[in-house]
Amino acid sequence: MELGMIGLGKMGANMAARLVKGGHRVVGYDLNPASVTEVEAAGAEGASSLDELAGKLSAPRVIWIMVPAGPPVDATIESLLPFLEEGDIVIDGGNSNYKDTIRRGEQCAAAGHHFVGVGTSGGIWGLTEGYSMMIGGDEAVVESLRPIFATLAPAPDRGWGRTGPNGAGHFVKMVHNGIEYGLMQAYAEGFALMDAKEEFQLDVVQIAEIWRHGSVVRSWLLDLTANALEENPDLEGIAPYVPDSGEGRWTVIEAIDLNVAAPVIALSLLRRIGSRDEVDYADKLLSAMRNQFGGHAIKKEA
C-alpha cells in the first residue's frame with residue numbers, strides 16, 4: 001500500500017521507516033524540512049507541502065497524522081481537507097483525547113472522508129519491536145488498512161486490533177497509559193525501598209535482573225527499568241521531576257465520570273504532579289500546623 005505520513009518526529013519517522021522496510025510506499029511531510037530529508041534517507045519520498053503530499057498519492061488516499069495532541073491535530077486536518085477527495089482516509093495515530101477523535105471523525109465524515117483513530121504504543125522501540133495499536137473506526141475501513149497495521153505491529157496477527165467505533169481506540173490507549181502510570185509508580189517505590197535499606201547493601205541492578213526471569217512482576221517495563229539502572233545505578237544527574245502527557249489525567253477524569261474506583265492510577269498521577277512542586281507550599285504549611293498544635297520544631301530552609 002501507499003500512504004502519506006504527516007509529522008516526522010522520532011516516532012513518526014520510525015513508523016515511516018518500518019513501513020518502507022515492509023514494502024509500502026510512504027510520502028512524508030513535516031514542517032521541519034530536515035525531518036523530511038531524514039525520512040527520505042530511509043527510503044520514503046518527501047513532500048514540501050500538504051498539497052504536494054496529497055498530489056503524490058493515488059485516490060483513495062491514506063494519510064497518517066503523527067503530530068502532538070490537541071490544536072496541532074485540528075490545524076493539520078483543517079489544512080489538509082482542501083486537498084482531499086471523497087473516500088480518502090485520515091488516520092490520527094497520536095495521543096489524542098478520544099472525545100476530540102469523535103469530533104474529528106464527524107468533521108471528516110461531513111466532508112466525505114473516513115477518519116480512524118489509532119492509539120499507538122511502542123515509543124522509540126517500535127522501529128525494531130513493532131507497535132501496539134488500538135484502533136477505532138468503521139470496521140470496513142479498518143479492514144482495508146490491514147496491510148499497514150500488520151506491517152507496523154510486532155506480528156501481522158498480534159499487537160493490533162479494532163476495539164470499536166471511532167474514538168474507541170484512543171479511549172483504550174488512554175486507559176493503557178493510566179495503567180502504565182500505576183505500574184511505573186509501583187516499580188519506582190519498590191526500588192526506592194530497597195535502595196533505602198542500607199544495612200543489606202542491596203544491588204538493585206542485580207535484583208532487577210533476577211526479577212526479569214520467572215518472577216510474576218516481570219515485564220517489558222521491568223526490562224527497561226533494568227536497562228536504566230545498569231546504565232546509571234545511582235541515577236546521577238536525573239532531576240526528581242516527572243512530566244505527564246495528559247492521558248493519565250483523562251483516565252482519572254473518566255474514572256470519576258463513570259463512578260469507577262481507580263485509586264492506584266489517581267495516586268500515581270498525583271505523585272507525578274507532586275514531583276514538579278518547586279515551592280512545596282503544602283509541605284511547609286504541614287510543618288507550620290504541627291508547630292501550632294504540638295509545638296513541634298520547624299526545620300528552617302538553608
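Analyst: A polar contact is a pair of N or O atoms within 3.5 Å; within protein, one must be able to donate a hydrogen and the other to accept it, and residues adjacent in sequence count only if both atoms are side-chain atoms. This model is predicted: local features need pLDDT of at least 70, side-chain atom pairs count only at pLDDT 80 or more, and totals for chains, interfaces and linings use all residues. Residues are numbered from 1 along each chain as its sequence is written, and side-chain values use heavy atoms, leaving out hydrogens and water.

User: Which side chain does a polar contact of 3.2 Å join to that of Arg104?

Analyst: Start with helix α5, residues 98-110, where Arg104 lies. Helices (H or I, at least four residues) and strands (E, at least two) are DSSP runs, numbered from the N terminus. The Arg104 side chain reaches the backbone oxygen of Gly70 at 3.1 Å. At 3.2 Å, its side-chain partner is Ser96.

User: Is Arg104 buried or exposed?

Analyst: Buried means under 20% relative accessible area, exposed over 50%, partly exposed in between (1.4 Å probe, protein chains only). Arg104 touches residues including Val73, Asp74, Ile77 and Phe115 (contact: heavy atoms within 4.5 Å). Its relative accessible area is 0%, so Arg104 is buried.

User: How many aromatic pairs does a search of the whole structure find?

Analyst: Rings of Phe, Tyr and Trp (its six-membered ring) pair if their centres lie within 6.5 Å; planes under 30 degrees apart count as stacked, over 60 as edge-to-face and the rest as tilted. With that rule, the number of aromatic pairs in the whole structure is four.

User: How many residues apart in sequence are the parts that Trp64 and Phe149 tie together?

Analyst: These two rings are edge-to-face, at 6.1 Å centre to centre and 65° between the planes. Both residues are buried. Trp64 is in strand β4 (residues 62-65) and Phe149 in helix α8 (residues 146-152), so the sequence separation is 85 residues.

User: Which residue do ring pairs link into a cluster with Trp64 and Phe149?

Analyst: Met133 touches Trp64 and Phe149, and its other contacts include Gly159 and Gly161. Ring pairs complete the cluster of Trp64 and Phe149 with Trp160.

User: Is Phe171 buried or partly exposed?

Analyst: The ring of Phe171 pairs with that of Tyr98: the centres are 5.1 Å apart and the planes at 90°, so this is edge-to-face. Helix α5 holds Tyr98 and helix α9 (residues 168-196) holds Phe171, so the pair ties together parts 73 residues apart in sequence. Tyr98 is buried, at 16% relative accessible area. Phe171 has 27%, so Phe171 is partly exposed.

User: Which residue's charged end sits over the ring of Tyr181?

Analyst: A charge sits over a ring if NZ of Lys or CZ of Arg is within 6 Å of the ring centre and within 35 degrees of the ring normal. Lys197 lies over the face of Phe200, 5.7 Å from the ring centre. Over Tyr181, at 3.7 Å from the centre, sits the charged end of Arg272.

User: How many residues does the largest nonpolar core have?

Analyst: A nonpolar core is a set of buried Ala, Val, Leu, Ile, Met, Phe, Trp, Tyr and Cys residues joined through side-chain atoms within 4.5 Å. Trp64, Val116, Met133, Leu145 and Phe149 have the most contacts inside the largest core, whose residue count is 29.

Terms used. Lists of a residue's contacts leave out its neighbours within four places in sequence.
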